[in-house]
Each structure stands twice: as structure tokens, then as C-alpha cells.
Amino acid sequence: MKNSSLGKSIVVLLIFATLTYCLDARLQGCQPSGSIRGIKPPPGQCNPENDSDCCKQGKMYTTYKCSPSVTGNTKAVLTLNSFQKGGDGGGPSECDNQYHSDDTPVVALSTGWYSGGDRCLNYITISANGRSVKAKVVDECDSTMGCDDEHDYQPPCPNNIVDASKAVWKALGIPEGDWGDYDITWSDA
């Protein structure tokens with residue numbers, strides 16, 4: 001009888017430990033999912049507009065399948081992107097297969113926040129510099145892939161990026177000399 005009770009106690013303890021471990025793993029911050037090795041872009045194949053990075057031969061780039069949790073005030077880094085045809089954003093936007101004017105407030109979100117397109121064509125509110133602006137999500141800033149033709153030979157995005165058109169930067173009143181990387185917060189509108 002004692003062995004039976006002890007066995008049941010051990011089983012209950014193991015189930016509890018397993019559930020606790022799974023819950024803790026879900027609550028942890030987003031961890032890197034891997035890395036890719038950079039290749040040198042063919043001549044003229046990486047558009048360095050807006051200070052975009054081009055992949056470097058042999059350099060290892062971290063990849064992510066997740067982003068930090070979204071809150072009412074999610075911390076992120078605002079980067080500059082042109083969604084116009086011929087801009088550094090590459091091809092048409094993922095959400096609507098269209099190009100967008102630099103004068104339109106649109107953004108691409110890191111892979112985890114893009115959430116497989118769940119935020120496509122929805123608006124987010126971006127706050128910085130004492131101002132806020134609503135911008136439409138039109139694309140993914142791919143955190144899982146990069147350094148290839150599809151990604152304009154640019155490295156994968158970090159997992160905390162809101163890649164925005166010039167219209168967003170202007171609406172936030174950020175001086176052009178500070179455009180590039182800027183700490184912001186954002187939320188679903």
C-alpha cells in the first residue's frame with residue numbers, strides 16, 4: 001500500500017513539475033531561434049536607401065520566430081523603410097501586394113508581432129517624442145530569413161522592430177537627423 005501511495009505522489013509531482021515548466025517556458029522572453037550566414041549581395045542587388053544594411057559575406061545573423069509580448073505600451077525600435085516601388089523595402093507589401101507612398105503612414109512589424117498576417121491592414125498606434133500616430137500594418141519585417149533576393153540581401157530584422165514610412169517619422173516630429181533607429185512604444189489601435 002505504501003508503494004502505491006508513493007507511486008501516485010511521484011506521478012502527481014511529475015505532472016505538476018511538467019505543467020510548471022511549460023508555463024514558465026511560455027512566459028519567458030523571446031529567445032533567438034537560430035542564425036543564418038550572410039552572403040555578399042550581387043552587384044546592385046542591395047538597396048542601401050534609408051541606411052539599410054546589406055548582408056556581409058560570412059557574418060552570422062541571429063534569427064527569431066517570436067517577438068516580445070504585446071502590451072498597451074510595447075517597447076520597440078522604429079526603423080525607416082520605403083514601401084514605394086524601387087524603395088529599400090524590396091517588393092510589394094505582404095498584406096496587400098501593393099506599394100505604398102512614403103507620404104502614407106504604414107509599417108512592417110517583426111515576424112512575431114506580424115503574427116502570420118493577423119495584424120495585416122489593421123492600425124497600430126506609435127508613440128514617441130511626446131506624440132502619437134496611427135499607422136497601417138502592411139508588411140512583415142522578416143526576423144526568420146534574410147540575405148537573399150527575396151529580402152533584398154538585407155539581414156533578418158531583429159525581433160523588436162516597427163519599420164515605418166517617412167510619414168510616420170514626420171508625424172512623430174522626429175528631426176530628420178535622428179531618423180534611423182529610435183526608441184518608441186506601440187499598441188494595437
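## Largest pocket

A pocket is an open set of points on a 1 Å grid over the protein atoms alone, where a 1.4 Å probe fits and protein lies on both sides within 12 Å along at least five of seven lines; lining residues have an atom within 4 Å of a point. The model described here is predicted: local features need pLDDT of at least 70, side-chain atom pairs count only at pLDDT 80 or more, and totals for chains, interfaces and linings use all residues. Residues are numbered from 1 along each chain as its sequence is written, and side-chain values use heavy atoms, with hydrogens and water left out.

The largest pocket holds about 910 Å³ of space, where a volume is the space filled by probe spheres set on the grid points, which are joined across faces, edges and corners. Its lining consists of 36 residues, and those nearest the centre are Cys141, Gln154, Pro155, Cys157 and Asp163. Two or more lining residues come from each of S2, strand S3 (74–80), S6 and S7. Helices (H or I, at least four residues) and strands (E, at least two) are DSSP runs, numbered from the N terminus. S6 gives the largest share, three residues.

By class, 13 of the lining residues are nonpolar, 12 polar and 11 charged. Here Ala, Val, Leu, Ile, Met, Phe, Trp, Tyr, Cys and Pro count as nonpolar, Asp, Glu, Lys and Arg as charged, and the others, Gly among them, as polar.

## Disulfides

A disulfide is a covalent bond between the sulfur atoms of two cysteines. With bonded cysteines counted along the chain, the pattern is 1-5, 2-3, 4-9, 6-7, 8-10.

Cys141 and Cys157, both among the residues nearest the centre of the largest pocket, form a disulfide with their sulfur atoms 1.6 Å apart. Cys141 lies in strand S6 and Cys157 in the loop between S6 and S7, so the bond ties together parts that are 16 residues apart in sequence. Cys141 is buried (under 20% relative accessible area, with exposed over 50% and partly exposed in between; 1.4 Å probe, protein chains only), at a relative accessible area of 6%. Cys157 is also buried, at 13%.

The disulfide of Cys55 and Cys147 has its sulfur atoms 2.0 Å apart. The torsion about its S-S bond is about -90°, so this disulfide is left-handed. Cys55 lies in the loop between strand S1 (34–37) and strand S2 (60–63), and Cys147 in the loop between strand S6 (131–141) and strand S7 (161–164), so the pair ties together parts that are 92 residues apart in sequence. Cys55 is buried at 4% relative accessible area, and Cys147 is buried at 4%. Another disulfide joins Cys46 to Cys54, with an S to S distance of 2.1 Å. Its S-S torsion is about -100°, so the disulfide of Cys46 and Cys54 is left-handed. Cys46 is buried, with a relative accessible area of 12%.

## Surroundings of Cys95

Cys95 is in the loop between S3 and strand S4 (106–110). This cysteine counts as buried, at 18% relative accessibility. Leaving out residues up to four places away in sequence, Cys95 touches Tyr114, Cys120, Leu121, Val137, Val138 and Asp139, where contact means heavy atoms within 4.5 Å. Cys95 and Arg119 are 24 residues apart in sequence, and their C-alpha atoms are 9.0 Å apart.

## Aromatic pairs

Rings of Phe, Tyr and Trp (its six-membered ring) pair if their centres lie within 6.5 Å; planes under 30 degrees apart count as stacked, over 60 as edge-to-face and the rest as tilted. By this rule there are three aromatic pairs. The rings of Trp113 and Trp186 have centres 5.2 Å apart and planes at 70°, so the pair is edge-to-face. This pair links distant parts of the chain, with Trp113 in helix H2 (residues 111–114) and Trp186 in strand S8 (residues 181–188), 73 residues apart. Trp113 is buried at 1% relative accessibility, and Trp186 is buried with a relative accessible area of 1%.

Trp169 and Trp179 form a tilted pair, 5.9 Å centre to centre with 45° between the planes. Trp169 is in helix H3 (residues 166–171) and Trp179 in the loop between H3 and S8, 10 residues apart. Trp169 is buried at 0% relative accessibility, and Trp179 at 13%. Ring pairs link Trp169, Trp179 and Tyr182 into a cluster.

Key. Disulfide = S-S within 2.5 Å.
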